[in-house]
Amino acid sequence: MKKNISTIILSMIFCYIAIYTAAYPRETYGAAADAVSLWFNVVFPSLLPFFICIEVMIGLGIVSLVGSTFKPVMSAVFNVPGEGSFGFFMSISSGYPVGAKIVSELRQKKICTLQEGQRLLSLCSTSGPLFIIGAVATGILKNPEIGLLLALSHYLSAITVGFFMRFYNKDKVPKRAGIRTNPISDMLEYRRKDGRSIGLLLGDAVKNSINLILMIGGFIIFFAVIARVLEISGLLPFLSRTIASAIPFIKADPQIVSGLFIGILEVTNGIKECAALQIPTLSKVVI
């Protein structure tokens, strides 16, 4: 019964999107074209090299080396395998969706369990410092001084959520072997088990990375069209006014609610919407 209801609701939602996409082709085409430009000119060239390098590094056993080194910390603080430290470090240095990509690889290779992968996602799905300090603080908010504050808040939030997620399904975590003492030996052993030549490894890395980057592009374009459909249909303004009026004790601006909603769908567009609001800078930073 529950599955049938969800099927009906999803069918209605996608019919709604399809109807408005056909009824307003110019608006939806513009949104899709902007999203394609963003993906092809920014996302594709910036993420593809990282994805290829990550695939090769996993095949060479570097993940195992990092995991052995940081296993005591990751196990004690976050209750996840030490290999998760590689995902966290890459996530805070490279940004979305590198950390999630690494967690997916760890799960596919059975280095972590389903529950451990879910915990790692809460810790390893972060933006990169270049985007926070450069694009958001400097480019969008025109205030480079707040970049460090935004970055620290962002990463401390991920660490805090990761810590509390350590209690999620803790009874289902398998008992693991003792702490490894020789990370180099672990790396070489992993490489020996993988067995692929560097040529085959690189070929697989390029193929898998291209598939992933195409999927990311599809999501970017699709959610950009959804956001535009919500705007031209009047549903987004209606929801924003309704939610703003329902918030107790304060007079919320519907434009703030609208910006937050767009940010849930796609973070960059949400940031741009909130940055354009005529509110104090501190309020923009919080939003």
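A: A residue counts as buried under 20% relative accessible area, as exposed over 50%, and as partly exposed in between, with a 1.4 Å probe and protein chains only. The model is predicted, so local features need pLDDT of at least 70 and side-chain atom pairs count only at pLDDT 80 or more, whereas totals for chains, interfaces and linings use all residues. Residues are numbered from 1 along each chain as its sequence is written, and side-chain values use heavy atoms, with hydrogens and water left out.

First, the whole chain. The protein chain has 14 helices and zero strands; helices (H or I, at least four residues) and strands (E, at least two) are DSSP runs numbered from the N terminus. Its C-alpha atoms fill a box of roughly 60 × 50 × 40 Å along the principal axes. Of the 287 residues, 37% are buried. The accessible surface is about 16400 Å², and carbon and sulfur atoms account for 69% of it; areas come from the Shrake-Rupley method with a 1.4 Å probe, and for residues only the protein chains shown count as cover.

The region to look at closely is a nonpolar surface patch. Patches are built from residues with over 30% relative accessible area and no salt bridge, like charges being joined within 9 Å and nonpolar side chains (Val, Leu, Ile, Met, Phe, Trp, Tyr) within 5 Å. A salt bridge is a side-chain nitrogen of Lys or Arg within 4 Å of a carboxyl oxygen of Asp or Glu. The patch covers about 610 Å² and is made by Phe70, Val73, Val77, Phe89, Phe163, Phe164 and Phe167. Two or more of these residues come from each of α3 (62–78) and α8 (147–164). Helix α3 gives the most, with three residues. As background, an α-helix has 3.6 residues a turn, so residues three or four places apart point the same way.

Valine 77 belongs to helix α3. Valine 77 counts as partly exposed because its relative accessibility is 32%. Phenylalanine 167 lies in the loop between α8 and α9. Phenylalanine 167 is also a patch residue and is partly exposed, with a relative accessible area of 42%.

Arginine 119 sits in helix α6 (residues 114–124) and is buried, with a relative accessible area of 1%. Its C-alpha is 8.8 Å from that of phenylalanine 163, which is 44 residues away in sequence. Between phenylalanine 167 and arginine 119 the C-alpha separation is 9.1 Å, across 48 residues along the chain.

Asparagine 79 lies in the loop between α3 and α4 (84–94). Asparagine 79 has a positive phi near 60 degrees, although the residue is not glycine. With a relative accessible area of 19%, asparagine 79 is buried. Lysine 142, in the loop between α7 (129–140) and α8, also has a positive phi, about 55 degrees, without being a glycine. Lysine 142 is exposed, at 64% relative accessible area.

Turning to the interior, a nonpolar core is a set of buried Ala, Val, Leu, Ile, Met, Phe, Trp, Tyr and Cys residues joined through side-chain atoms within 4.5 Å. The largest nonpolar core has 29 residues, and those with the most contacts inside it are Val43, Phe51, Val98, Ile102, Leu106 and Leu120. At least two residues of this core come from each of α2 (25–60), α3, α4, α5 (98–108), α6 and α10 (198–232). Helix α2 supplies the largest share, seven residues. Contact here means heavy atoms within 4.5 Å. Beyond its neighbours within four places in sequence, valine 98 contacts Leu47, Phe50, Phe51, Ile54 and Met90. Apart from this core lies another, of eight residues, among them Ile132, Val136, Ile146 and Val285.

Contacts across the chain complete the picture. Among contacts between residues at least 6 apart in sequence, 70% join residues at least 24 apart. Serine 258, in helix α12 (residues 254–265), is buried at 12% relative accessible area. Leaving out residues up to four places away in sequence, serine 258 touches Leu236 and Ser240.
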